[in-house]
Amino acid sequence: MSYLETTRQYYSDVAETPEPGLCCTTTPRFALPGLNVPQRMNDMNYGCGSTVHPRDLVDEPTVLYVGVGGGLELLQFAYFSRRPGAVIGVDPVARMRQAAAENLAVAAAENDWFREDFVSLHAGDALELPLEAGSVDISAQNCLFNIFEEADLVRALAEMHRVLKPGARFVLSDPVAPEPLPASLTGDERLRAMCLSGATTYDRYLELLVEAGFGTIEIRARRPYRMLDTARYDVDHAILLESLEVCALKDPVPADGACVFTGRAAIYFGDQPAWDDGAGHFLLRDMPLAVCDKTAANLESLGRADLHVTGSTWFYDGGGCC
Ligand SMILES: C[S@@+](CC[C@H](N)C(=O)[O-])C[C@H]1O[C@@H](n2cnc3c(N)ncnc32)[C@H](O)[C@@H]1O
């Protein structure tokens, strides 16, 4: 049996018998006015963060969601895209699609605004999506791609890029590792399926996103996920996995490299009303300007006494104060 088959079998089992706590972190229950999440759907939150960000979801976008779990994020996306077929769920595991469908039927009974036909569920695989190129406004996956070996991760990222319209967004939540994980872990198919032993590093994940063609990347969260300690895992030192939330835009990759926003800002506080770096960044005095890591490094290298560049907050959602 390949690790992909082991994964499908594992999720078939946890579709039948929900396993609260699998993958998920202790992020607060996602609450919005009028959104009631059925208990079983919440128990089947197998995501390690959130891919549902209201600012991405203006104009009722068409959303592709790969790896449906109990349907929690399908329902949350449908909250913003209230029209038939706007949310497309894809999953190769029949029992998981069935569980999601049942949970969505309960959600329809518990939420006046929600109709089951807002979500369509399809058999399909992240490695070969059953969708036309350039057909969706948002593609999303939560706690699935970390399971893939690197060659499959490359395919899955290419598929997410292919189905997006130009300029559209791929949102993801996934564990990352602080160092390449040892073979004792990566070769363990069950731990891999449980999102505990397949994670690549932060740097490698970003490299692969850029190689897939995403030219702008926003890091929206970076939190502790799981501790792989020496008592329970076959490791010679404890390894803290983190959970990452990312929005990657299908923009062309600039010649000097992708723009990766990690929450850094530049503040000019000199004796002029504003300062222009001559490279497209116009800084009003005292007004923090969000900058990508590439620009932050360029500005720091100037060594100016009237310019301060902050470190990464690992929280960037495109917001600004004005
Ligand atoms: C860790 S769960 C995450 C579920 C959901 N995204 C959530 O946040 O609750 C992984 C999901 O991916 C599905 N899955 C497994 N292999 C897959 C594949 N090759 N392509 C697409 N989905 C897959 C599983 O059936 C399961 O629904």
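What do the buried residues of α3 pack against? They sit against α2 (39-43), β1 (63-66), β2 (87-90), α4 (94-110), β3 (119-122) and β4 (136-142). Packing here goes by contacts, that is, C-beta atoms placed from the backbone and lying within 7 Å. Helices (H or I, at least four residues) and strands (E, at least two) are DSSP runs, numbered from the N terminus.

A word on the model itself: it is predicted, with local features needing pLDDT of at least 70 and side-chain atom pairs counting only at pLDDT 80 or more, while totals for chains, interfaces and linings use all residues. Residues are numbered from 1 along each chain as its sequence is written.

Back to helix α3 (residues 72-80), which is mostly covered, with 9 of its 9 residues buried. Buried is taken as 20 or more other C-beta atoms within 10 Å of a residue's own, exposed as 12 or fewer, and partly exposed as in between, with C-beta atoms placed from the backbone. Among the buried residues of α3 are L74, L75, F77 and A78. Leaving aside residues up to four places away in sequence, A78 touches A86, V87, F114, F118 and V119.

A78 also turns up in the largest nonpolar core, a set of 90 residues where V63, Y65, L74, L75, A78, V87 and I217 have the most contacts. Such a core is made of buried Ala, Val, Leu, Ile, Met, Phe, Trp, Tyr and Cys residues joined through C-beta atoms within 7 Å. Helix α3 gives the most to this core, with 7 residues. The domain bounds come from an automatic or database domain assignment, and the two domain centres, taken over C-alpha atoms, are 36 Å apart.

Pairing requires at least two bridges found by DSSP. Strand β9 (residues 265-268) is joined to β12 by 2 bridges and to β13 by 3. Across from β12, A265 stands opposite A290 and A266 opposite L289, whereas Y268 faces L307 in β13. The covered face of β9 holds A266 and Y268, and the uncovered one A265 and I267.

Terms used:
Two residues are in contact if their C-beta atoms, placed from the backbone, lie within 7 Å.
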